[in-house]
Amino acid sequence: MVNQTIEEPLDAYWLPYTANRQFKAEPRIITSAQGCYLTDSDGRKIFDGLSGLWTSGLGHQQPKIVEAVKQQLQTLDFAPSFQFAHPSAITLAHKIASLTPDKLNRVFYTNSGSESADTATKIARGYWRQKGVASKTKIIGRIKGYHGASWGGISFGGIGGNRKIWGQGMDADHMPHTLLEENRFTKGMPEYGAHLADELENIIALHDASNIAAVIVEPFSGSAGVIIPPQGYLRRLRQICDAHQILLIFDEVITGFGRTGSMFAAQEFDVIPDIMNLAKQLTNGVVPMGAVVCSDEIYQAYMDTDKPIHDVELPHGYTYSGHPLACAAAIACLDVLQQDAIPQRVKKLTPYFESAVHSLQGGKYITDIRNYGLAAGFTIEPYSKSLTQRPFEIAMAMWRKGFYVRWGGDTIQFAPPFIVEKTQIDDVVTALADVLNQI
Ligand code: PXG
């Protein structure tokens with residue numbers, strides 16, 4: 001039985017990406033979760049307006065996933081991931097490959113989005129070395145991009161606050177973000193802004209394509225406040241990468257597995273990368289897991305080697321790559337996503353969600369609203385001295401009202417579970433409108 005009462009002081013626990021001093025003064029402790037709701041240590045039911053951390057679109061304790069993990073635990077709790085495989089890892093790889101766009105068929109397991117970012121960029125750099133172009137090492141990310149907290153992730157990621165205290169990271173440069181003043185309050189994809197992809201040409205002119213391994217972008221940025229790509233922008237990036245022999249990596253850690261209304265943003269936006277990064281919704285958040293899905297061409301470049309057959313082609317991986325419990329959770333999660341036609345459900349709900357979130361236009365402090373699929377970002381007018389304080393105050397007021405929404409920088413993010421009902425969307429929007437009038 002899990003102990004649900006908290007008697008120990010909080011001092012031993014250093015929370016990630018959390019204002020620890022504030023948290024310990026006013027803790028928010030989640031003791032259980034079911035469907036679209038969290039329960040806190042006061043027994044309050046709280047609507048999960050960020051699907052965990054963009055992880056739990058099928059709702060908490062999805063019965064088929066719970067059952068699959070239980071069964072796996074009783075059959076195989078662990079298998080060494082280096083030099084051995086197990087049935088669930090093989091099944092899942094096939095399943096992922098069958099869902100991802102055509103040429104993306106080779107699945108490498110990680111345990112998180114950060115590890116996926118490191119893995120994908122290592123694979124990209126190694127690929128060019130295999131092809132005899134060892135100078136192609138630089139990674140190009142984008143301002144406001146988020147790819148995790150690893151050295152790689154913060155280097156080609158483009159959120160200043162995640163970089164400034166660490167000093168030298170990895171060799172990277174950054175394209176401009178696509179959050180344009182002209183596009184404020186656009187519903188879905190903005191028409192204007194595809195030209196920003198051409199900035200990649202300038203970066204290539206500066207560093208030369210012979211030094212650039214890959215471009216990595218989120219199809220739409222999540223963490224920075226849901227920034228939707230302008231129409232034609234991603235296609236233009238694809239064309240420029242092709243013209244200069246640069247690999248294109250889509251970080252689909254947030255956009256993957258239904259959030260956009262398609263299984264992947266690559267399909268929704270009809271632009272196919274060379275490498276796709278996955279995590280979060282892959283297991284519905286139940287067991288940590290990530291994956292990097294590569295084109296056949298990239299995999300083959302590693303296999304075409306003069307090394308003896310017993311030598312490792314890609315010296316990379318993690319103890320817990322393809323953990324049996326994670327694989328079991330993922331197989332069940334993907335089954336539910338497919339059998340219950342969840343991406344289609346998201347697509348059907350999108351117009352309702354879009355009108356609901358945009359009904360807050362004109363609300364106090366709201367300077368922009370962006371949305372795609374079941375994701376929305378609100379930009380909040382800052383206090384003169386602090387960008388982050390008002391979103392924090394809004395999120396705390398929402399929490400007190402029984403709603404969890406995410407706050408970060410000068411934004412609030414709302415990304416409900418895929419199983420959300422229209423009335424629950426309305427409840428969050430009404431609560432947010434009330435809070436904006438009260439704070
Ligand atoms: N890539 C993307 C696109 C992400 O959104 C990561 C990589 C890193 O994943 P891990 O599993 O290493 O944390 C992420 C993580 C938010 C929020 O508020 C977003 C993330 C994490 C926590 C909060 O939007 N994204």
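## Overall layout

The protein contains 14 helices and 15 strands, both taken as DSSP runs numbered from the N terminus (helices H or I, at least four residues; strands E, at least two). This is a predicted model, in which local features need pLDDT of at least 70 and side-chain atom pairs count only at pLDDT 80 or more, while totals for chains, interfaces and linings use all residues. Residues are numbered from 1 along each chain as its sequence is written, and side-chain values use heavy atoms, with hydrogens and water left out.

The C-alpha trace spans about 65 × 55 × 45 Å along the principal axes. A compact globule of 439 residues would have a radius of gyration near 22 Å, and the protein agrees with 22 Å; the radius is taken over C-alpha atoms, and the globule rule is 2.2 Å times the number of residues to the power 0.38. Of the 439 residues, 54% count as buried (under 20% relative accessible area, 1.4 Å probe, protein chains only). Among contacts (heavy atoms within 4.5 Å) with a separation of 6 or more, 72% join residues 24 or more positions apart.

## The seven-stranded sheet

Seven strands form an open sheet with mixed pairing, in the order E4-E10-E9-E8-E7-E5-E6; two strands pair if DSSP finds at least two bridges between them. Strand E4 (104–110) and strand E6 (172–175) are at the edges with a single partner strand each, so one side of each has no neighbour in the sheet. From one strand to the next the twist averages 25°. Strand E5 (residues 138–142) runs parallel to E6 and is joined to E6 by four bridges. Arg142 stands opposite Met175 in E6.

Helix H4 (residues 87–99) lies across E4, strand E9 (275–278) and strand E10 (290–295), at about 135° to E4. Helix H7 (residues 199–207) packs on the sheet against E5, E6 and strand E7 (212–217), and its direction makes about 155° with that of E6. Axes are lines fitted to C-alpha atoms, for helices over the stretch in contact, and angles run from 0 to 180 degrees between N-to-C directions.

## Nonpolar cores

A nonpolar core is a set of buried Ala, Val, Leu, Ile, Met, Phe, Trp, Tyr and Cys residues joined through side-chain atoms within 4.5 Å. The largest has 104 residues, and Ile96 and Phe378 have the most contacts inside it. Helix H11 (residues 324–339) gives the most to this core, with 11 residues. At least three residues of this core come from each of domain 1 (20–61 + 341–438) and domain 2 (66–339), with bounds from an automatic or database domain assignment.

A second, separate core of 20 residues includes Ala117, Ile216, Ile298 and Ala301.

Technical notes. Buried means under 20% relative accessible area, exposed over 50%, partly exposed in between (1.4 Å probe, protein chains only).
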